[in-house]
Amino acid sequence: LGIAIYGCGAGAGAVIRVTPTPTPTPTPTPTNPTYAYIANQQGNGSYTQCSVSSSGISESNTCTNFTPTDSGGTSLLIAAYGIAFYESYAYITNSSSVITYTQCNVNPSFGIESNTCFNVTPTESGGTPLLGVPTGIAFYALP
């Protein structure tokens, strides 16, 4: 509540203005599910998605393995080492002597859409691969 008093000089009548304090807007509760992702390095070509609640990862029976494949059914991952997210994409480092990372779309309702994944091989301008055995990935964006 804000109060301002105007015109308090000699012989002047005082005017009091009362300004109510605005009610803060409550933080909305997320309606989309929340997931934890675990990279499976054991060479099975998969990652694990688990449901998360306010108390952490829900029961272990909410976890599911996903194996992204190309159009021919070949696994895109050899050994997933790390997963990072930027905007509506997931990036999975794909180790075990490969020179790629895997990029997938992320749906706010379903998480990583493994049927949208594809491998990317970053190269120099001459075509030389830039990655050796990628084991991690992170993003940094300036404010």
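**Disulfides, sheet and core of an all-strand model**

C104 and C117 form a disulfide, with their sulfur atoms 1.9 Å apart; a disulfide is here a pair of cysteine sulfur atoms within 2.5 Å. The model is a predicted one, in which local features need pLDDT of at least 70, side-chain atom pairs count only at pLDDT 80 or more, and totals for chains, interfaces and linings use all residues. Residues are numbered from 1 along each chain as its sequence is written, and side-chain values use heavy atoms, with hydrogens and water left out.

The torsion about the S-S bond of C104 and C117 is about 110°, so this disulfide is right-handed. The bond links distant parts of the chain, as C104 lies in strand β9 and C117 in strand β10, 13 residues apart. Both cysteines, C104 and C117, are buried, where buried means under 20% relative accessible area, exposed over 50% and partly exposed in between (1.4 Å probe, protein chains only). Apart from its neighbours within four places in sequence, C117 is in contact with P68, L76, T102, Q103 and C104; contact means heavy atoms within 4.5 Å.

The count of disulfides comes to 2. The other bond joins C50 to C63, with an S to S distance of 2.0 Å. The link of C50 and C63 is right-handed, with 110° about the S-S bond. This pair also links distant parts of the chain: C50 is in strand β4 (residues 47-53), and C63 is in the loop between β5 (56-57) and β6 (64-66), 13 residues apart. C50 is buried, with a relative accessible area of 2%, whereas C63 counts as partly exposed at 28% relative accessibility. With bonded cysteines counted along the chain, the disulfides follow the pattern 1-2, 3-4.

The protein contains 0 helices and 10 strands. Helices (H or I, at least four residues) and strands (E, at least two) are DSSP runs, numbered from the N terminus. Four of the strands make up an open sheet: 4 strands stand in the order β7-β8-β9-β10, with antiparallel pairing. Two strands are taken to pair if DSSP finds at least two bridges between them. At the edges of the sheet are β7 (79-86) and β10 (111-120), each of which pairs on one side only. Neighbouring strands of the sheet are turned by 25° against each other on average, direction ignored; the axes are lines fitted to C-alpha atoms, for helices over the stretch in contact, and angles run from 0 to 180 degrees between N-to-C directions.

Strands β7 and β8 run antiparallel and are joined by 7 bridges. Across this pairing, Y86 stands opposite Y89 in β8. The two strands β7 and β8 form a hairpin with 2 residues between them. E87, in the loop between β7 and β8, has a positive phi of about 50° although it is not a glycine. Most residues other than glycine have a negative phi. At 67% relative accessibility, E87 counts as exposed.

Strand β8 (residues 89-95) pairs with strand β9 (residues 100-107) in the antiparallel sense over 6 bridges. Here Y91 stands opposite Q103 in β9. N107 is also found in strand β9 and is buried, with a relative accessible area of 19%. The side chain of N107 makes a polar contact with the side chain of E113 at 3.3 Å. A polar contact is a pair of N or O atoms within 3.5 Å; within protein, one must be able to donate a hydrogen and the other to accept it, and residues adjacent in sequence count only if both atoms are side-chain atoms. P108 lies in the loop between β9 and β10 and counts as exposed, at 56% relative accessibility. The C-alpha atoms of P108 and P33 are separated by 7.6 Å, although these residues are 75 apart along the chain.

The largest nonpolar core has 10 residues, namely Y37, Y47, L76, L77, A80, A90, I92, C104, I112 and C117. A nonpolar core is a set of buried Ala, Val, Leu, Ile, Met, Phe, Trp, Tyr and Cys residues joined through side-chain atoms within 4.5 Å. The elements that give two or more residues to this core are β8 and β10. Of the 143 residues of the protein, 24% count as buried. Among contacts between residues at least 6 apart in sequence, 33% join residues at least 24 apart.
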